[in-house]
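These are my notebook entries on a structure I was asked to look through. I record the pockets and cavities, then the sheet, then the chain as a whole.

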Amino acid sequence: MSGNIKLLNTTLAATRAADRAALIAYLPAGFPTVDGGIEAVKAVIAGGADIVEIGLPHSDPVLDGPVIQTADDIALRGGVRIADVMRTVREAHEATGVPILVMTYWNPIDRYGVERFTAARAEAGGAGCILPDLPVQESALWREHADKHGLATVFVVAPSSQDARLATITAAGSGFVYAASLMGVTGTRASVGAQAQDLVGRTRATTDLPVCVGLGVSNATQAAEVAGFADGVIVGSAFVKAMLDAPDEAAGLAAVRSLAGELAEGVRKR
């Protein structure tokens with residue numbers, strides 16, 4: 001069975017044709033529970049998210065700040081497994097038709113098996129994976145299996161990436177490029193910073209892939225700012241924080257749906 005990279009590509013092409021950025025939401029699988037996590041994904045899509053990243057909870061999430069680390073810990077203590085991540089992707093995609101990616105560190109894939117993991121992703125209807133800690137020069141095996149199963153391989157670039165390195169990374173990737181707005185971990189910030197716009201410009205000089213910006217965006221004003229120069233706006237910690245701060249699951253679902261609506265309005269005001 002083939003994955004949904006084509007759906008991801010057509011979704012990003014459609015938002016570009018509409019002269020706006022895509023809203024990409026991130027939520028960890030298994031948070032607050034597996035069923036609750038699936039409902040949270042549906043809620044952000046109902047609110048206006050165009051694409052969703054499902055986080056595969058990890059005990060050592062080097063790119064993630066304290067908010068997502070807390071959610072990952074809740075999911076891991078709840079016993080979440082890779083099968084639950086695949087179920088989250090499958091049920092969310094079947095219910096909404098939206099492209100769903102998985103954001104994961106390399107160790108869980110390596111232990112699970114690359115062929116087994118990519119086949120399961122495709123069978124679940126997944127669109128691809130974001131792999132923040134997989135070096136491009138060590139990615140050939142992954143890319144071989146991802147291509148075979150119709151999955152995007154999204155690499156992360158940072159403000160510290162030199163132009164030659166950017167060209168190497170973007171040549172190997174597919175779907176889109178994840179541009180980290182700053183040097184640091186995920187989390188809400190008072191401002192996104194000028195580094196992000198410079199990074200998007202330098203990255204675009206090396207590729208025709210859409211360039212989507214993450215790390216630090218938490219409100220409609222910031223979303224509109226980033227949408228002015230990027231093809232996609234990625235929001236994670238703000239959604240997770242809304243769930244963590246809610247008094248119960250129902251209130252959390254309402255909060256993330258409302259936030260998605262505000263952010264979706266923001267990306268349309270580029």
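What volume does the largest pocket have? I find about 260 Å³ for the largest pocket. I worked on a predicted model, in which local features need pLDDT of at least 70, side-chain atom pairs count only at pLDDT 80 or more, and totals for chains, interfaces and linings use all residues. Residues are numbered from 1 along each chain as its sequence is written, and side-chain values use heavy atoms, with hydrogens and water left out.

Entry 1, pocket. For terms, I note that on a 1 Å grid over the protein atoms alone, a cavity is a set of points where a 1.4 Å probe fits but cannot get out, and a pocket is an open set with protein on both sides within 12 Å along at least five of seven lines; lining residues have an atom within 4 Å of a point. Points are joined across faces, edges and corners, and a volume is the space filled by probe spheres set on them. I list L56, P57, H58, S59, L76, V80, R81, I82, V85, N107, P108 and R111 as the lining of the largest pocket. Two or more residues of this lining come from each of α4 (82–96) and α5 (106–112), and α5 gives the largest share, three residues. Helices (H or I, at least four residues) and strands (E, at least two) are DSSP runs, numbered from the N terminus. I sorted the pocket lining into seven nonpolar, three polar and two charged residues. Here Ala, Val, Leu, Ile, Met, Phe, Trp, Tyr, Cys and Pro count as nonpolar, Asp, Glu, Lys and Arg as charged, and the others, Gly among them, as polar.

I count three cavities of 30 Å³ or more.

I traced an open sheet of nine strands, ordered β5-β4-β3-β2-β1-β9-β8-β7-β6, with parallel pairing; two strands pair if DSSP finds at least two bridges between them. β5 (152–154) and β6 (156–157) are at the edges with a single partner strand each, so one side of each has no neighbour in the sheet. Between the parallel strands β8 (residues 211–214) and β9 (residues 232–235) I find two bridges; C212 has G232 in β9 as its bridge partner.

I looked up two local features. The peptide bond from F31 to P32 is cis, with omega near 0°, and P32 lies in the loop between β1 and α2 (34–47). D19, in the loop between α1 and β1, has a positive phi near 60°. Most residues other than glycine have a negative phi, and most peptide bonds are trans.

I count twelve helices and nine strands in the protein chain.
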